[in-house]
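Please open the structure in your viewer and keep the selection tool at hand.

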Amino acid sequence: MGMSVTISAAAEQDAEQIFRLQYLCFQSEAALYGNYRIDPLIQTLDSVREEVVRDCVFVARLGDEIVGSVHGRITEDGAAAIGKLCVHPRLQGHGIGARLLKAAEAALAGERGARTFRLHAGHRSESNLSLYSKVGYQRVGTSSGADGVPMIVLEKKAETYATTA
């Protein structure tokens, strides 16, 4: 290949590539649950653009192509909600997802004062749950997504970031 994947903060002009990548990557999640109304598949380009401007969004680039992304924001309770982690199917399994998570965690803790990182994963999404466990997340409960998909809630304390980065 000859190029390495770089991680950086997303810019507003990245929104369209993020939008398309999410649509591609979350097809397998939708198939896993038989539900094609999950948020990343019904999200509009305008709302992706708004998230890029407002929230903490990182992308993985291979040359000029965005091949991964993750979104994060601070909630009312001071936790960092991390979501929509995705990596292009042809590049999964090479550590890009973990690198994106670490970049988001560093920014959310360092620049935005997060005390806890929180994310949700579908209960059948074993590869996602495995990744989150490997980078220090622990199951703390369950919830139901707006689309009705049963979710597992995972958290880790921000101070543990330094030991897993």
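**First stop: a buried aspartate**

Select aspartate 14, which counts as buried because its relative accessible area is 5%; buried means under 20% relative accessible area, exposed over 50%, and partly exposed in between, with a 1.4 Å probe and protein chains only. The model is predicted, so local features need pLDDT of at least 70 and side-chain atom pairs count only at pLDDT 80 or more, while totals for chains, interfaces and linings use all residues. Residues are numbered from 1 along each chain as its sequence is written, and side-chain values use heavy atoms, with hydrogens and water left out.

Aspartate 14 lies in the loop between β1 and α1 (15-25). Helices (H or I, at least four residues) and strands (E, at least two) are DSSP runs, numbered from the N terminus. Contact means heavy atoms within 4.5 Å.

**Second stop: the whole chain**

Zoom out and colour the chain by secondary structure. It holds seven helices and seven strands, and their order along the sequence is β-α-α-α-α-β-β-β-α-β-α-β-β-α. The C-alpha atoms fill a box of roughly 35 × 35 × 30 Å, taken along the principal axes. For 165 residues, a compact globule would have a radius of gyration near 15 Å, and the chain agrees with this, having 15 Å. That radius is taken over C-alpha atoms, and the globule rule is 2.2 Å times the number of residues to the power 0.38.

Of the 165 residues, 45% count as buried. Among contacts between residues at least 6 apart in sequence, 63% join residues at least 24 apart.

Select residues 56-62, which form strand β2; seven of its seven residues are buried. Show the side chains and compare their directions. Cys56, Phe58, Ala60 and Leu62 point one way, whereas Val57, Val59 and Arg61 point the other way.

Which strand is joined to β2 by five bridges? Select residues 5-9: this is strand β1, and it runs antiparallel to β2. Two strands pair if DSSP finds at least two bridges between them. Within this pair, serine 8 has valine 59 of β2 as its bridge partner.

Next, select strand β3, residues 65-74, which pairs with β2 in the antiparallel sense over seven bridges. Here alanine 60 stands opposite glycine 68 in β3. The hairpin of β2 and β3 has two residues between the strands, and glycine 63 takes a positive phi near 65°.

Select residues 79-87 to display strand β4, in which valine 87 is found. Is valine 87 buried or exposed? It counts as buried, at 9% relative accessibility. Valine 67 is 20 residues away from valine 87 in sequence, yet their C-alpha atoms are 5.7 Å apart in space. With neighbours within four places in sequence left aside, valine 87 is in contact with Cys25, Val67, Gly68, Gln92, Ile96, Gly97 and Leu100.

Then select lysine 84, also found in strand β4. Lysine 84 has a positive phi of about 55°, although it is not a glycine. With a relative accessible area of 16%, lysine 84 is buried.

Select residues 116-122 for strand β5 and residues 150-157 for strand β7: the two pair in the antiparallel sense over seven bridges. Alanine 121 has isoleucine 152 of β7 as its bridge partner.

Arginine 139 stands opposite leucine 154 in β7. β6 and β7 form a hairpin with five residues between them, and glycine 148 in the turn has a positive phi of about 90°.

**Last stop: asparagine 35**

Finally, select asparagine 35, in the loop between α2 (27-33) and α3 (39-42). Asparagine 35 counts as buried, at 15% relative accessibility. Leaving aside neighbours within four places in sequence, asparagine 35 is in contact with Ala30, Asp147 and Val149.
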